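Here is a short walk through one protein model, written to be read with the structure open beside you.

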Amino acid sequence: MTPDLVAALHPLLTAEASAEAYAAGGEPGDLEQAVWLRLLERLETEGPPLDPEGWLRRAVRAEARRSRRTTRRERPYAGEPADDLRPGPEQRVLTAARYRALRDAVRRLPGRCPRLLEALLSPKDLTYREIAGELGISQGSLGPERSRCLGCLRRLLTPEVAAREARG
């Protein structure tokens, strides 16, 4: 498209699109963009129009009619199509994969760390006293032991998380 043609047609297209767009149920900028695209397509196949201003007016009206037809056919949803508050199937699969990766990493920990972290991750929501009794250690040493185990888990997961993110 030649810069002269664009410069000559731009003010007319802006005015025509502003006049037609709202009646067509659209935005003037969208209508302008559609007409510019139509002009580019025409330039590739047929060359520049003999009467650029007349062609532009007809093109704006044709695009406005197309927009009106589309608007008439489109119907809004009766309700919200998706509930963004509840996780969809993709999110549930990703969450399950993260939990599996975490549990696999916990099983690879040294010493009694796997049992300790499994107890902490238990859906039973055990208290420190119950965990200490189950593991046969004092309740006072549970906090420092937990910190060491979590540090180990963090070091174990860091390379895996970094490698996964680098690929993404």
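C152 is partly exposed, with a relative accessible area of 23%. For burial, the cut-offs are under 20% relative accessible area for buried, over 50% for exposed, and partly exposed in between, using a 1.4 Å probe and protein chains only.

Please keep in mind that this is a predicted model: local features need pLDDT of at least 70, side-chain atom pairs count only at pLDDT 80 or more, and totals for chains, interfaces and linings use all residues. Residues are numbered from 1 along each chain as its sequence is written, and side-chain values use heavy atoms, with hydrogens and water left out.

## The disulfide

The count comes to 1 disulfide. C113 and C149 form it, with their sulfur atoms 2.1 Å apart. The torsion about their S-S bond is about -80°, so this disulfide is left-handed. It links distant parts of the chain, as C113 sits in helix α5 (residues 113-121) and C149 in helix α7 (residues 139-167), 36 residues apart. Both C113 and C149 are buried. Helices are DSSP runs of H or I with at least four residues, and strands are runs of E with at least two, numbered from the N terminus.

## Helix α3

Helix α3 covers residues 52-73, 22 residues in total. From first C-alpha to last it reaches 31 Å, close to the 32 Å expected at 1.5 Å a residue; the expected span is 1.5 Å times one less than the number of residues.

Its buried residues include P52, W55, L56, A59 and E63. The buried residues of α3 pack against α1 (3-24) and α2 (28-45).

V35 is buried, with a relative accessible area of 1%.

Of the 16 residues in the largest nonpolar core, V35 and L56 touch the most other members. Such a core is a set of buried Ala, Val, Leu, Ile, Met, Phe, Trp, Tyr and Cys residues joined through side-chain atoms within 4.5 Å.

Terms used:
Contact means heavy atoms within 4.5 Å. A disulfide is a pair of cysteine sulfur atoms within 2.5 Å.
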